[in-house]
Amino acid sequence: MTRPPDSALRRGYLLCHTCHQVSAAGAAHPQCPRCGAPLHARKPDSLTRTWALTLTAYILYIPANLLPVMTVTMSGQGEPDTIMSGVKELLLGGMWPLALLVFFASITVPVLKLLILTYLLISVQFRSQWRPRERTVLYRITESVGRWSMIDIFVIAILVALVKLGALATIDAGAGAVAFGGVVVTTMFAAMSFDPRLIWDAMEKQND
């Protein structure tokens, strides 16, 4: 089996997590020569912080789906809608593309992100050596798609701002929208806290 090339850490180089400058480790407490930030071999407490943020997102996901995300009132009448009831209303109204978009952004993407982050955390925790390249790709995808989960929150914010101007109809954001925004933000921070180099560390230790 071909030995993988040495990592920058093994060759004595550290990456600044603030400005991304690569520098020689050198001193006992190295600092970045460009921005002065302290240098670390890996993101400090990466697994602990990622676990905490991921579990927080799981907890927030429950009220995000059970509480109403918005209430549409027309001529004095209206009922609050959760994410799923909103998707159902859109389907009944024949707006299939919008229903699919909301379902994908509000249900599929957050659930996949949480499952992938959990899988990556468990695999690193148990020092798995299975398909590190594919796991790194999974992480990159999770990190890049996170911001698009906010699309329905943007839609609600725009609708609330626009429809409030009218006298016949109003749209009010509900507590579910706040919880869902919390899910998106915490999963984004969880992805940022995870250090994908931990995936490859198990491979280096195998070849020592």
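This is a predicted model: local features need pLDDT of at least 70, side-chain atom pairs count only at pLDDT 80 or more; totals for chains, interfaces and linings use all residues.

Reader: What does the secondary structure of the protein chain come to?

Author: Start with the count of elements. This chain has seven helices and five strands. Then take the order. Along the sequence the pattern is β-β-α-β-β-α-α-α-α-β-α-α.

Reader: What percentage of the 208 residues in the protein chain is buried?

Author: Buried residues make up 37% of the 208. Take the contacts between residues at least 6 apart in sequence: 66% of them join residues at least 24 apart.

Reader: Which residues of α1 are buried?

Author: First, the general idea. An α-helix has 3.6 residues a turn, so residues three or four places apart point the same way. Now the case here. The buried residues of α1 are S46, T50, T54, A57, Y61, A64 and N65.

Reader: At what angle do α3 and α6 pack?

Author: Read the angle together with the distance between axes. Helix α3 spans residues 96–125 and helix α6 spans 175–193; they pack at about 35°, with axes 11 Å apart. The crossing is left-handed. From α3, the contact uses A105, S106, P110, K113, L114 and L117. From α6 come F180, V183, V184, T187, M188, A190 and A191. By type, the contact residues are ten nonpolar, two polar and one charged.

Reader: And at what angle do α3 and α4 pack?

Author: Helix α4 covers residues 132–145, and α3 packs with α4 at about 145°, the axes being 10 Å apart. This crossing is also left-handed. On the α3 side the contact residues are V109, K113, I116, L117, Y119, L120, S123 and V124. On the α4 side they are R135, L138, Y139, T142 and V145. Nine of the residues in this contact are nonpolar, two polar and two charged.

Reader: Which residues is A64 in contact with?

Author: Set aside neighbours within four places in sequence. A64 then contacts V69, I83, G176, A179, F180 and V183.

Reader: Is S193 buried or exposed?

Author: S193 has 7%, so S193 is buried. This residue lies in helix α6. Leaving out residues up to four places away in sequence, S193 touches K43, S46, R49, T50 and L53.

Reader: What about V102: buried or exposed?

Author: V102 is buried, with a relative accessible area of 19%. V102 lies in helix α3. Now compare sequence with space. V102 and V87 are 15 residues apart in sequence, and their C-alpha atoms are 6.8 Å apart.

Reader: How accessible is L91?

Author: L91 is partly exposed, at 33% relative accessibility. Its place is in helix α2, residues 83–92. Beyond neighbours within four places in sequence, L91 contacts W96 and A99.

Reader: Last, the backbone. What is phi of R127?

Author: Phi of R127 is near 55°, a positive value in a residue other than glycine. R127 sits in the loop between α3 and α4. At 52% relative accessibility, R127 counts as exposed.

Reader: What phi does R131 have?

Author: R131 has a positive phi of about 45°, although R131 is not a glycine. R131 too is found in the loop between α3 and α4. At 44% relative accessibility, R131 counts as partly exposed.

Technical notes: Residues are numbered from 1 along each chain as its sequence is written. Side-chain values use heavy atoms; hydrogens and water are left out. Axes are lines fitted to C-alpha atoms, for helices over the stretch in contact, and angles run from 0 to 180 degrees between N-to-C directions. Helices (H or I, at least four residues) and strands (E, at least two) are DSSP runs, numbered from the N terminus. A crossing is left-handed if the near helix is turned anticlockwise from the far one by less than a right angle, and right-handed if clockwise. Contact means heavy atoms within 4.5 Å. Ala, Val, Leu, Ile, Met, Phe, Trp, Tyr, Cys and Pro count as nonpolar, Asp, Glu, Lys and Arg as charged, and the others, Gly among them, as polar. Buried means under 20% relative accessible area, exposed over 50%, partly exposed in between (1.4 Å probe, protein chains only).
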